[in-house]
Amino acid sequence: MFVYEYLSVRKLPWPLVKQDKNANQNEVIKEFIITKGLLLETGVFWEGIDIKGQDLSQVIITRLPFPVPDPILGFKGDKVENKEAEVLVPEMIVKLRQGFRRLIRNECDKGIVSILDTRIINQPKK
């Protein structure tokens with residue numbers, strides 16, 4: 001993981017918590033909450049994670065979560081005029097909302113969501 005390697009050689013005031021391939025998801029979350037560190041993760045954490053209150057104060061999304069091509073998306077894309085606008089973007093928005101919900105669980109939660117993917121403001125050239 002490039003970001004982990006990059007950050008691990010710097011003297012950050014927070015411990016780095018990384019999700020490894022064989023890591024138990026609950027153990028990773030527990031370590032993150034105990035250490036008050038920076039959690040570096042993959043797509044597994046988009047769904048079903050419940051870190052309440054001040055234990056999670058920022059979600060940084062480095063890449064918009066566009067779906068990985070599969071036969072179902074291919075079939076849906078074949079049935080519409082504009083596959084990107086009518087299939088891929090709506091699927092991505094569902095995942096993006098899930099990312100936001102990791103941070104804002106109820107009306108008392110607050111925090112920052114940062115999206116670093118430049119595609120959020122720049123359309124790719126065709």
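**View 1. Helix α3 passes helix α4 in a right-handed crossing.** A crossing is right-handed if the near helix is turned clockwise from the far one by less than a right angle, and left-handed if anticlockwise. The model is predicted: local features need pLDDT of at least 70, side-chain atom pairs count only at pLDDT 80 or more, and totals for chains, interfaces and linings use all residues. Residues are numbered from 1 along each chain as its sequence is written, and side-chain values use heavy atoms, leaving out hydrogens and water. Helix α3 covers residues 71-78 and helix α4 residues 83-103. Their axes lie 8 Å apart, at an angle of about 145°. Axes are lines fitted to C-alpha atoms, for helices over the stretch in contact; angles run from 0 to 180 degrees between N-to-C directions. Leu73, Lys76 and Gly77 of α3 make the contact with Lys83, Val87 and Glu91 of α4. Contact means heavy atoms within 4.5 Å.

**View 2. Leucine 116 sits in the segment after β4 (112-115).** Helices (H or I, at least four residues) and strands (E, at least two) are DSSP runs, numbered from the N terminus. Leucine 116 counts as exposed because its relative accessibility is 51%. Exposed means over 50% relative accessible area, buried under 20%, partly exposed in between (1.4 Å probe, protein chains only). Leucine 116 touches Ile60, Ile61 and Thr62, not counting residues up to four places away in sequence. Threonine 62 is 54 residues from leucine 116 in sequence, yet 4.8 Å away in space, C-alpha to C-alpha.

**View 3. Tyrosine 6 belongs to helix α1 (residues 2-8).** Tyrosine 6 counts as partly exposed, because its relative accessibility is 43%.
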